[in-house]
Amino acid sequence: MIVVFLNLKGGCGKSTSAVHLSRYLLKRNKQVVLLDADPQQTSIDWIDSLQPAIPRPECRRVTQPKALQTQLHDCLNRFDVTIVDSPPGIGRLQRILLLFADVVMIPVQPGIPDLRATPKLLEAVRLARGARRNFEPSAALPAIGKPEFKAFTFLVRTVPNTLLVDKARMLLRDRDDAHFLEADIPQRQILADAMGIGATVFDVNTRPARQAAESYRRLFELAGL
Ligand SMILES: Nc1ncnc2c1ncn2[C@@H]1O[C@H](COP(=O)(O)OP(=O)(O)O)[C@@H](O)[C@H]1O
Ligand SMILES: [Mg+2]
């Protein structure tokens, strides 16, 4: 299974969510590889900085579309789950990911610029559905993923009872090109601090960490991961 984290915007929790999904799945004894397609390499840096006792997924740095295509084929046969952390935007690399993903995870920050950018990404998801149904193999693209795939939006860095969160929720619930997961990841300092202490919230036994871990667990369960 290939799970891809996508958004036009940076800073919306793609890397944080990708690293946490890898740790969540490792705890469930899955074979996991994390492909970091963002030149900023936040995910790989995070995994590299994990304390020695914490199990880590295999990681690969792949920022070129062609190399990514090769890696996706290779990883499909060798791992239960391939997680891809993508750079912001919707260019060639992200379009390839949309052709291969089994699950597309779209974290959305409840801010005006992020909400305005969301329809453009969801349009790319819709186009990918059509492209996958009508796919014809070529020398450049001999194979892609199955015609059907899942796409989910979810809110990250939410502050409860704010107008923006309500507005974001309504906007995302309204879209039928991606299913809105009713499992917000709240704004929590421990999620920002975790990388600096060489851990994920699944590895820290404090109340805020357990609460943040529970939010991610709920989100991943709802997504069927
Ligand atoms: N739920 C959260 N609460 C608080 N800070 C968060 C949360 N999720 C992400 N962050 C912080 O926000 C910043 C951007 O997150 P990141 O996962 O790197 O986003 P992206 O990969 O989309 O650019 C980081 O500093 C990260 O620690
Ligand atoms: Mg990132």
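What percentage of the 225 residues in the protein chain do buried residues make up? Buried residues make up 40% of them, where buried takes 20 or more other C-beta atoms within 10 Å of a residue's own, exposed 12 or fewer, and partly exposed is in between, with C-beta atoms placed from the backbone.

Some ground rules before going on. This is a predicted model, where local features need pLDDT of at least 70 and side-chain atom pairs count only at pLDDT 80 or more, while totals for chains, interfaces and linings use all residues. Residues are numbered from 1 along each chain as its sequence is written, and chains are lettered from A and ligands numbered from 1 in the order in which they are written.

**Exercise 1. Check the radius of gyration of the protein chain against the globule rule.**

- Step 1: the rule is 2.2 Å times the number of residues to the power 0.38, with the radius taken over C-alpha atoms.
- Step 2: for 225 residues, a compact globule would come out near 17 Å, and the protein chain has 17 Å, so the two agree.
- Step 3: along the principal axes, the C-alpha atoms fill a box of roughly 50 × 40 × 30 Å.

**Exercise 2. Describe the shell around ligand 1.**

- Step 1: of its 15 residues, Lys-14, Ser-15, Thr-16, Leu-191 and Ala-192 come nearest (near means a C-beta atom, placed from the backbone, within 6 Å).
- Step 2: α1 (14-27), β6 (150-158) and α7 (189-193) each supply at least two residues, and α1 gives the most, with 3. Helices (H or I, at least four residues) and strands (E, at least two) are DSSP runs, numbered from the N terminus.
- Step 3: by class, the shell has 5 nonpolar, 7 polar and 3 charged residues. Ala, Val, Leu, Ile, Met, Phe, Trp, Tyr, Cys and Pro count as nonpolar, Asp, Glu, Lys and Arg as charged, and the others, Gly among them, as polar.

**Exercise 3. Work out how α1 and helix α8 (residues 207-222) cross.**

- Step 1: their axes come within 11 Å and cross at roughly 80° (lines fitted to C-alpha atoms over the stretch in contact, angles from 0 to 180 degrees between N-to-C directions).
- Step 2: that makes α1 roughly perpendicular to α8, the label for 65 to 115 degrees; under 35 is roughly parallel, over 145 roughly antiparallel, the rest oblique.
- Step 3: His-20, Leu-21 and Tyr-24 of α1 meet Tyr-216, Arg-217 and Phe-220 of α8, contact being C-beta atoms, placed from the backbone, within 7 Å.
- Step 4: Arg-217 counts as partly exposed because it has 16 C-beta neighbours inside 10 Å.

Notes:
Two residues are in contact if their C-beta atoms, placed from the backbone, lie within 7 Å.
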